[in-house]
Every structure is written in structure tokens, then in C-alpha cells.
Amino acid sequence: MYIECGWVACLCLLTCLYFPAKPPTPPSASAETKRKDFIPGAKILAVNKQFWIPTLCYCIGAGFFNAWRSQTDTIFLTTMKVQQETAGRIGAYSALAGAAGGLIFSRIVDIIGGKMKLVLLCLSSASVCCFTWFLLLTLSVIRFNLASLYASNILFGFLINGTPPIYCELIVEGVYPVSEGIATGSLMWFRAFTALVFLLVMMIPNIGVMWTNWAILGAISFCIPVLLIYKEKYNRLLLDTSGNINENTSNGI
């Protein structure tokens with residue numbers, strides 16, 4: 001910890017000494033556009049379906065998943081008699097796979113230039129398949145083996161953790177020129193709130209843990225039809241590529 005503290009202190013010092021407030025020239029047309037202030041921006045978000053629909057999907061899916069992942073040692077032990085050490089390894093490998101998934105799928109979205117809704121639908125559908133595999137293992141519908149438990153959870157983590165950066169980008173695009181900080185900050189708050197609700201339900205006496213697996217499957221499945229009815233908009237990308245943007249698109253219209 002002392003070594004980590006030293007590295008962090010060194011990086012912080014270098015940042016304070018050198019890191020500029022902004023680049024010499026704006027990297028894009030949207031970067032030099034003035035963003036909405038906090039109060040006007042928050043009012044726009046409150047009535048903007050471009051914010052609420054993907055936020056609902058992200059918070060239910062990612063919020064429930066993050067809370068579920070923090071309790072996998074208890075869930076695995078109760079449902080499959082898998083010990084804490086094994087559950088910890090699975091969680092660690094799943095988290096590493098998720099970090100890689102976030103980078104890979106974000107890069108794919110950059111390359112194809114949008115189509116975030118399509119990528120999210122593909123990731124959500126594949127995540128449902130992987131978690132169904134895991135759920136069938138816990139129910140002994142298919143023969144349990146440790147390799148399948150590792151594979152289903154790591155692949156699930158790789159897919160589901162590929163969605164957060166895409167959701168953030170999709171929301172920022174849809175609500176532009178509302179500040180990215182306001183939009184993503186609100187998104188993180190709602191995600192934390194849904195995770196808190198999930199954990200509070202787990203504290204109900206004698207409620208068990210099997211319901212948590214069904215809740216995760218239901219949450220991710222719920223995102224698919226909601227995303228299907230969502231009409232994506234790329235206000236910031238449109239400005240960067242064509243120099244035009246309809247102001248009404250950022251007001252929830």
C-alpha cells in the first residue's frame with residue numbers, strides 16, 4: 001500500500017506541475033461548444049427520454065449485476081457448495097475479462113461509428129445466454145462441473161461489462177449539449193441506487209439467495225425489449241461530422 005501511495009502521489013504531483021487545462025486547439029467541433037450549466041442541464045435530463053430509457057436499462061442491468069457480484073461467495077456456497085476461495089478466483093477472472101470487454105467493445109463502437117444500440121442488443125442477448133447457462137448449472141438442469149462454472153461467469157463478465165462505456169456514450173450523445181459530467185454523474189448515482197435496493201432486499205430475513213440469480217436474468221432480459229423501442233440519436237457525432245445539430249433533439253423532443 002505504501003508503494004501504491006507513492007506512485008499515486010508522484011502521478012498527482014506530475015499532473016499538477018504539467019497537465020494542461022485543455023489542449024492548444026479543440027479536438028472536435030463539439031468540444032468547443034458551450035455545455036449547459038448544471039441546473040438547466042438537470043432540467044433537460046428530467047424530461048428527456050434520450051436519458052431515461054438507456055439509464056433504466058443500464059441501472060437495472062449493471063446496478064443489479066454489481067450488487068450480485070459482491071455477494072457471489074455467499075450465493076455460490078449456498079446454491080452450489082462452491083467455496084469462497086473458488087468464488088473469489090471466478091470473480092477476479094470475471095472482473096479482468098470485463099475490463100478487457102469494456103475496452104474491446106468500446107473500440108468496436110468507435111470503428112463502426114455509432115450503432116451503439118445494435119452493439120448493446122448483441123451484448124445483452126449474449127449475456128442472457130451466458131447467464132442462463134450459469135443458472136442451469138445452479139439448478140442442476142445440466143451437469144455441474146467447475147470448468148463450466150468458470151467459463152459461464154467469465155464470459156458473462158466479459159459481455160456484461162462491455163456495456164457500461166457504451167451506455168455512457170449513448171446517453172452523452174443523446175442529451176448533448178448537456179454536460180457530460182451531469183449526464184454520466186446522474187447515471188452513476190442511479191446505478192448505485194439500484195444496487196443499494198438489491199442489497200437491501202437481500203437483508204430481508206429468510207429470503208434466501210436463489211432469487212438473486214433469477215433477478216439478474218430478468219434484469220438483463222428486460223433491457224432487450226426496452227432497447228428495441230429506443231430511438232438512438234447521435235447529436236454530438238452529427239455536429240462533429242456535418243457541423244449541424246437540431247437544438248430540439250437535446251430537449252427531449
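**A quick tour of the helices and the surface**

Let's start with Leu196, which sits in helix 9, spanning residues 180–202. Helices here are DSSP runs (H or I, at least four residues), numbered from the N terminus. This is a predicted model, where local features need pLDDT of at least 70 and side-chain atom pairs count only at pLDDT 80 or more, while totals for chains, interfaces and linings use all residues. Residues are numbered from 1 along each chain as its sequence is written, and side-chain values use heavy atoms, with hydrogens and water left out.

**Around Leu196**
- Leu196 is partly exposed, at 43% relative accessible area (buried means under 20%, exposed over 50%, partly exposed in between, with a 1.4 Å probe and protein chains only).

**Helix 6**
- Helix 6 covers residues 116–138, 23 residues in all.
- From its first C-alpha to its last, helix 6 reaches 32 Å, close to the 33 Å expected at 1.5 Å a residue (that is, 1.5 Å times one less than its number of residues).
- Just after helix 6 comes Ser140, with a positive phi of about 60°.

**Glu173, tucked away**
- Glu173 belongs to helix 8, residues 164–175.
- With a relative accessibility of 5%, Glu173 counts as buried.
- Setting aside neighbours within four places in sequence, Glu173 is in contact with Met116, Lys233, Tyr234, Asn235, Arg236 and Leu237 (contact means heavy atoms within 4.5 Å).

**Pro24, out in the open**
- Pro24 is in the loop between helix 1 (2–18) and helix 2 (38–46).
- Pro24 counts as exposed, at 86% relative accessibility.
- C-alpha to C-alpha, Pro24 and Gln83 are 55 Å apart in space, and 59 residues apart in sequence.

Note on methods: Helix = DSSP H or I, 4+ residues; strand = E, 2+ residues; numbered from the N terminus.
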